[in-house]
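The reader may wish to keep the view open while following the text.

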Amino acid sequence: MRKLELHWQILIGMLLGILFGFLMTQVDWGKDFVGDWIQPFGTIFVKLLKLIAIPLILASLIKGISDLKDISKFRNIGLRTIVIYICTTVVAITIGLVLVNIMQPGEGISEETITKLTDTYAGDSGVTSKMEEASRQKGAGPLQFLEDMVPDNALSAMTNNSLMLQVIFFAIFLGISMLLVGEKSAKPMKKFFDSLNDIVLKMVDLIMLSAPYAVFALLAGVVVSSSDPELLLALLKYAGVVVLGLALMIVFYSIVVSTFTRYNPLTFLSKMSPAQLLAFSTSSSAATLPVTMERVEEHIGVDKEVSSFVLPVGATINMDGTSLYQGVAAVFIAQALAFDLTIANQLTIVLTALLASIGSAAVPGAGMVMLVIVLESIGFPQDKLAIGLALIFAVDRPLDMCRTVVNVTGDATVAMMVAKSVGKLGKPKVKNWDDHYNEVK
C-alpha cells in the first residue's frame, strides 16, 4: 500500500490536535491534562529542530561557500538575495496597508470591546515585556544591527539560536577564508563540514518521522490555552484582513515562482507544504529552518550554494508575513483609538516596518515588538501603546502562526529566484531516512 504523503500526515495530525484540544476545553481537567501529558511532546519536537538549526547553518553555509570556485559568485548571490528580500517585504507591507484602508476593521470596534480588551490584556506580562524589548531596540544606534552581526566569541554565538546572524557571519567568514587558503590546505576542513552537513540532514529526516504526532500535541496546546471566544469574535474582522493579506502574499509568491522560474506554483506549494504546516504549528521561522532547507534542496532542486545562504539569512531578516501584519495592526489600532493617520504616517509605517523586520528575531511573538517600534515611529501616544497592544493581543498567537507560514514561503520563493538567476536550480534529489539502513542493520 502506498504510504501517505508527509504533508497529509501532518495535516491530519493538526486537525486531530485541534479537535482533541477543543474536546479538552469542555472538561474541567482538560487544560491541565493537555499541558502535563500532551504538549511536552510538541515542545520536545520544537527543541529538536532548534537543536540542529545552528549545526545545519554552519555545515551547509561553509560547504556552500567552499564549493564555490569564484568568490564573485557569492557576491552575486548575496546582493540579489538582499535586494529581492527588500522588494518582497515592501510588497507585503503595501498589500497590508491597502487592505486595511479599504476594509477599515478598526471602525467597527465598540467602546465596550476596547474597555474589555484593555482590562484583560493591558497589564499582561506578554504585553509589557514586548514594550520593554521594543524600547531597548529603539534606543540602539543606527548601525547597531551591523555591530550585533559580528560575534566576539563564535562558540558563544553558537549556543544561542537568537544570535543566528552572528553564526551566519562566522560561517561566511570561515568559508571565504577556506577558499583563500587554497584547495589543498582547506581539504580536511571541507571534508569535515561536508560530512557534518550530510549527518545533520539525516537528523532532519529522523525528526520529521515524529512530525504528525508533534503537531497534534502543539495544536492541542494552542487550542486549550486560547483566549476568551467572545473577544476573538470581536476581533474577527481585523483577523480576517490580516489573513486575507497573507493569502494574497501566497498568491503573489505563486505568480513570482511561475513567472521567474517557470516552476509549477501548485507543485511548489505542494513540495513546501510540510515546512509550511510546521511553520504554522511552531510559529517560528528559526525552528522550521532545517525542514525548509531540506524541502528546498532535496524536493525543489535549489543548489546548496544558494540555499545555504539565502534561507538562513531569510529566516532572520525576511519577515514578509510579519511586516504585512505590522501595516494592518498599526492602522487598525489607529482606527480603533481615533488616531488620524496621514499619507506621510503610512509611508513611515512602510519604512519602519521594513527596517524593523531586518533586526527582528525569528521567534514567536517578535511581531509584537516590531509593532511597538512602528507605532512609536508615527507618533502614537505613549500612554495608549499598552491599550493598542491589548486590542490585538487576543488574536496574536493564531495570526503569528499564519504569518510564519508566509515568512517561510517567502524564503523558499527567493531561494528559487536567486538559484534560477545564477543557474543553480536543478532536478530534485530526494533522500529518505532509511537510504543506508541496510548497511547498518
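**Aromatic pairs and helix contacts**

Across the whole structure, which is a predicted model, a search finds eight aromatic pairs. One of them joins phenylalanine 74 and phenylalanine 309, whose ring centres lie 5.2 Å apart and whose planes stand at 80°, so the pair is edge-to-face. Angles over 60 degrees count as such. This pair links distant parts of the chain, 235 residues apart: phenylalanine 74 belongs to helix H3 (residues 71-103), and phenylalanine 309 to helix H15.

Helix H15 (residues 304-317) leads on to helix H8 (residues 164-180), for the axes of these helices come within 9 Å and cross at roughly 155°. Because an angle over 145 degrees counts as roughly antiparallel, H8 is described as roughly antiparallel to H15. The crossing in which H8 passes H15 is left-handed. From H8, the residues Met164, Leu165, Ile168 and Ile172 take part in the contact, and from H15 the residues Phe309, Pro312, Val313, Thr316 and Ile317. Eight residues of this contact are nonpolar and one is polar, while none is charged.

Helix H3 has a contact to consider with helix H12 (residues 236-261): the two axes come within 10 Å and cross at roughly 140°. This crossing is right-handed. On the side of H3 the contact is made by Thr88, Val91, Ala92, Ile95, Leu99, Val100 and Met103, and on the side of H12 by Lys237, Val241, Leu244, Gly245, Leu248, Met249 and Phe252. Sorted by class, the residues of H3 and H12 in contact are eleven nonpolar, two polar and one charged.

A further contact joins helix H1 (residues 6-24) and helix H10 (residues 211-224), which pack at an angle of about 30° with their axes 7 Å apart. H1 and H10 are therefore roughly parallel to each other, and their crossing is right-handed. In H1, the residues Gln9, Ile10, Gly13, Met14, Leu16, Gly17, Ile18, Phe20, Gly21, Phe22 and Met24 meet Ala211, Pro212, Val215, Phe216, Leu219, Ala220, Val223 and Val224 in H10. The contact of H1 with H10 comprises 15 nonpolar and four polar residues, and no charged ones.

An unreviewed UniProt entry places the feature "transmembrane region" at several stretches, including residues 7-24, 82-103, 163-182, 203-226 and 238-263. Over residues 163-182, the chain is 85% helix and 0% strand, with the end C-alpha atoms 30 Å apart. Over residues 238-263, the chain is 92% helix and 0% strand, and the end C-alpha atoms are 34 Å apart.

Notes: Residues numbered from 1 in each chain as written. Predicted model: local features only at pLDDT ≥ 70, side-chain atom pairs only at ≥ 80, totals over all residues. Heavy atoms only, no water. UniProt positions renumbered as here; feature names shortened; annotations may be inferred. Helix = DSSP H or I, 4+ residues; strand = E, 2+ residues; numbered from the N terminus. Axes fitted to C-alpha atoms, helices over the stretch in contact; angles between N-to-C directions. Parallel < 35°, antiparallel > 145°, perpendicular 65-115°, else oblique. Left-handed = near helix turned anticlockwise from the far one by under 90°. Contact = heavy atoms within 4.5 Å. Nonpolar A, V, L, I, M, F, W, Y, C, P; charged D, E, K, R; others polar. Phe/Tyr/Trp six-rings, centres within 6.5 Å; stacked < 30°, edge-to-face > 60°.
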